Amino acid sequence: MLGVFAAVAALCGATAPWAVLPLVAAVCWGCYDGAVLPQDGADLRALALLSAFVLLGHLLAGPVERAASWRREAARVAAEANPLFRPDDRRRARLRRSRSRLLLTSLGLGVAVGLAVHAHGAAAADAARGHAHPVTATTLANAVPAPRGRATPRAAAVPVVNVPAEWDYPAGSRHLGRVLVFRHQAAGTRLTVWVDDAGRLAAQPASTADQAVFALLVGLTGTAGAAVQAEAESPTASQGQRRRAARA
């Protein structure tokens, strides 16, 4: 989720002037704080990351805009020097250049956001892995389906059942909990569960492959979102320019 907000912050920073960049970062952080973090949970690392991507988007927009070849730039200057080149023609040319700039900038920002999300996820997984431990649990009941009278068609299609189980962690400390096993497994089935330092059930830390896939999806989402925005706004602006040119 932080990667999605970082992508939005970078894209907004690419088109915003210098004076409003702090406001863009503050708004993105406020939305992230209200939607993801607990109430009154000021995460300064998230604020720093969003501010960095706002600045990165603004700094990348300039070089991308100047990346056109000298021949194309010379052709543009020659065309605009023509006395028949109207103000609407200049606006249309600027629209095409801004569209190309947004597409190229979104590609670079998608890569940057994906790398940042991967680094953030790797750090979070390493921190979680230090407090998550795999232990062997033993089920205490048979994994049988629910009684026929209370079962629904949707419940009958679920291949797993929640059954009680026990495990020892730390050594000599017995814990009880409920785990998911496949249907029709007998009591005494042994399976691996993840627990925290106190022996309570915990989520399994994300693997390297899961982190890479998630970072790739976030980067592609940011790039695709900017591309869709550019493609959606271009026809609307072009139609307005054509109407002004027809009236002129």
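**Figure 1. Confidence along the predicted chain.** The score is pLDDT, the predictor's confidence in each residue, from 0 to 100. The chain averages a pLDDT of 75. At least 70 is reached by 72% of the residues. Local features need pLDDT of at least 70, side-chain atom pairs count only at pLDDT 80 or more, and totals for chains, interfaces and linings use all residues. Residues are numbered from 1 along each chain as its sequence is written, and side-chain values use heavy atoms, with hydrogens and water left out.

**Figure 2. Overall make-up of the chain.** The protein chain holds seven helices and four strands. These are DSSP runs, numbered from the N terminus: helices are H or I with at least four residues, strands E with at least two. Their order along the sequence is α-α-α-α-α-β-α-β-β-β-α. Of the 248 residues, 32% are buried. Buried means under 20% relative accessible area, exposed over 50%, and partly exposed in between (1.4 Å probe, protein chains only). The chain exposes about 15,400 Å², with 64% supplied by carbon and sulfur atoms. Accessible areas come from the Shrake-Rupley method with a 1.4 Å probe; for residues, only the protein chains shown count as cover. Among contacts between residues at least 6 apart in sequence, 72% join residues at least 24 apart. A contact means heavy atoms within 4.5 Å.

Figure 3. E4 runs antiparallel to strand E1 (residues 133-139), joined by six bridges. Two strands pair if DSSP finds at least two bridges between them. Trp-194 in E4 stands opposite Pro-134.

Figure 4. Along E2, Val-161, Val-163, Ala-165 and Trp-167 point to one face and are buried. E1 and E2 run antiparallel, joined by two bridges. Thr-138 has Glu-166 in E2 as its bridge partner. E2 and E3 also run antiparallel, joined by nine bridges. Here Trp-167 is partnered by His-175 in E3.

**Figure 5. Val-160 in strand E2.** Val-160 lies in E2 (residues 160-168). Val-160 counts as partly exposed because its relative accessibility is 29%. Leaving aside residues up to four places away in sequence, Val-160 touches Leu-180, Val-181, Phe-182 and Arg-183. His-184 is 24 residues from Val-160 along the chain, and their C-alpha atoms are separated by 9.0 Å.

**Figure 6. The E2-E3 turn.** Five residues separate E2 and E3 in a hairpin. Gly-172 in the turn has a positive phi of about 85°. Pro-170 lies in the loop between E2 and strand E3 (174-182). The peptide bond from Tyr-169 to Pro-170 is cis, with omega near -10°. Most residues other than glycine have a negative phi, and most peptide bonds are trans.

**Figure 7. Three salt bridges.** The structure holds three salt bridges, each a side-chain nitrogen of Lys or Arg within 4 Å of a carboxyl oxygen of Asp or Glu. Glu-166 pairs with Arg-174, with the closest N and O atoms 2.4 Å apart. Glu-166 is partly exposed at 22% relative accessibility, whereas Arg-174 is exposed at 53%. Asp-126 meets Arg-129 at 2.9 Å, N to O. Both lie in helix H5 (residues 87-129), three residues apart, about one turn of the helix. Arg-129 is partly exposed, at 36% relative accessibility. Asp-196 meets Arg-200 at 3.3 Å, N to O. Asp-196 counts as buried, at 17% relative accessibility; Arg-200 is exposed, at 52%.

**Figure 8. A nonpolar surface patch.** Trp-18, Leu-55 and Leu-59 form the patch, with about 320 Å² of accessible area together. Patches are made of residues with over 30% relative accessible area and no salt bridge; like charges are joined within 9 Å, nonpolar side chains (Val, Leu, Ile, Met, Phe, Trp, Tyr) within 5 Å. Trp-18 lies in the loop between helix H1 (2-15) and helix H2 (21-35). Trp-18 counts as exposed because its relative accessibility is 53%.
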